[in-house]
Structure formats: structure tokens, C-alpha cells
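This report describes one protein chain for a reader who is new to structures. Please look at the sequence and the model before reading on.

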Amino acid sequence: MTTFFVAVAIFLVAIILMPFYRVLRGPTLFDRLLAIGAIGGKIIALILIAGVMFDRLDMFVDLALAYAALNFIGGIAMAEYFRYIGSRVRARK
């Protein structure tokens with residue numbers, strides 16, 4: 001069963017590379033923000049898989065919830081910051 005979870009973890013790491021490319025080469029800032037959110041969701045799944053593999057799922061669920069909250073709040077904060085910067089740029093024109 002452990003080899004199954006290792007295979008799933010390797011697959012998730014490979015899938016993380018697709019939105020990571022969008023973070024680096026995204027045409028717009030909002031594409032990059034969405035890609036960061038997608039990477040965060042996959043990392044939460046990796047944390048939970050690690051919890052199953054170490055047989056300490058109860059501890060890793062707490063870590064995954066904390067990471068999910070930070071990912072959500074960070075995404076909202078970045079979106080608000082870039083909205084604020086955009087409104088200031090438009091006001092100067």
C-alpha cells in the first residue's frame with residue numbers, strides 16, 4: 001500500500017509542475033495568482049498523503065488545515081494588494 005501512496009505523491013509532484021510553469025510564464029498577474037492557488041491545493045494533498053504514509057494522519061490534517069488557511073488568506077491578500085496597486089495606477093493617468 002505504501003508504494004501506491006508514493007506513486008500518487010510522485011504523480012502529484014509532476015502535476016504541480018504544470019501550474020508552476022504558469023506562475024513563471026503566465027500572461028497576466030491573475031493567471032499567476034490562480035496557479036499559486038492550484039499549487040497550494042496540490043500541496044495540501046501531498047501533506048495528507050505524507051500523513052497516511054507516516055501513519056499520523058491526525059497530526060497532518062491539522063498541518064494541512066493550517067496550510068489551507070494560509071493559502072486562502074495569502075491569495076486574498078495578494079489579490080487585494082494588486083487591486084489596490086491597479087487602482088492607484090489608473091488614478092495617475
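**The whole chain**

The model is predicted. The protein chain contains 3 helices and 0 strands, and its elements follow the order α-α-α from the N terminus on. How far does the C-alpha trace span along its principal axes? The spans are about 60 × 25 × 10 Å. The radius of gyration of the protein chain is 17 Å, whereas a compact globule of 93 residues would have one near 12 Å. Of these 93 residues, 20% count as buried. Among contacts with a separation of 6 or more, 49% are between residues 24 or more positions apart.

**Helix α1**

Helix α1 covers residues 2-25, which makes 24 residues. From its first C-alpha to its last it reaches 35 Å, close to the 34 Å expected at 1.5 Å a residue. Where in α1 does a kink lie? There is one of about 25 degrees at Met 18, shortly before the proline Pro 19.

The buried residues of α1 are Phe 5, Ala 9, Leu 12, Ile 15, Ile 16, Pro 19 and Val 23. An α-helix has 3.6 residues a turn, so residues three or four places apart point the same way. Helix α2, residues 29-53, is included in what covers the buried residues of α1.

The model has 3 aromatic pairs. In one of them, the ring centres of Phe 4 and Phe 5 are 5.5 Å apart and the planes stand at 65 degrees, so the pair is edge-to-face; the cut-off for this class is over 60 degrees. Phe 5 has a relative accessible area of 19% and is buried, because the cut-off for buried is under 20%.

Asp 55 sits in the loop between α2 and α3, the latter being residues 57-92. Its phi is near 60 degrees, a positive value in a residue other than glycine. Most residues other than glycine have a negative phi. Asp 55 is exposed, with 69% relative accessibility.

Ile 76 belongs to helix α3 and is partly exposed at 44% relative accessibility. Along the chain, Ile 76 and Leu 33 are 43 residues apart, and their C-alpha atoms are separated by 9.5 Å.

**Salt bridges**

How many salt bridges does the structure hold? There are 2, and the table gives the distance between the closest N and O atoms in each.

| Asp 58 | Arg 56 | 3.8 Å |

In the salt bridge between Asp 58 and Arg 56, Asp 58 is exposed at 53% relative accessibility, and Arg 56 is partly exposed at 42%.

Glu 80 has a relative accessible area of 41% and is partly exposed. Arg 83 is exposed, with a relative accessible area of 55%.

Notes
Residues are numbered from 1 along each chain as its sequence is written. This is a predicted model: local features need pLDDT of at least 70, side-chain atom pairs count only at pLDDT 80 or more; totals for chains, interfaces and linings use all residues. Side-chain values use heavy atoms; hydrogens and water are left out. Rings of Phe, Tyr and Trp (its six-membered ring) pair if their centres lie within 6.5 Å; planes under 30 degrees apart count as stacked, over 60 as edge-to-face and the rest as tilted. Buried means under 20% relative accessible area, exposed over 50%, partly exposed in between (1.4 Å probe, protein chains only). Helices (H or I, at least four residues) and strands (E, at least two) are DSSP runs, numbered from the N terminus. The expected span of a helix is 1.5 Å times one less than its number of residues. The bend at a residue is the angle between axes fitted to the seven residues ending there and the seven starting there. Contact means heavy atoms within 4.5 Å. A salt bridge is a side-chain nitrogen of Lys or Arg within 4 Å of a carboxyl oxygen of Asp or Glu. The radius of gyration is taken over C-alpha atoms; the globule rule is 2.2 Å times the number of residues to the power 0.38.
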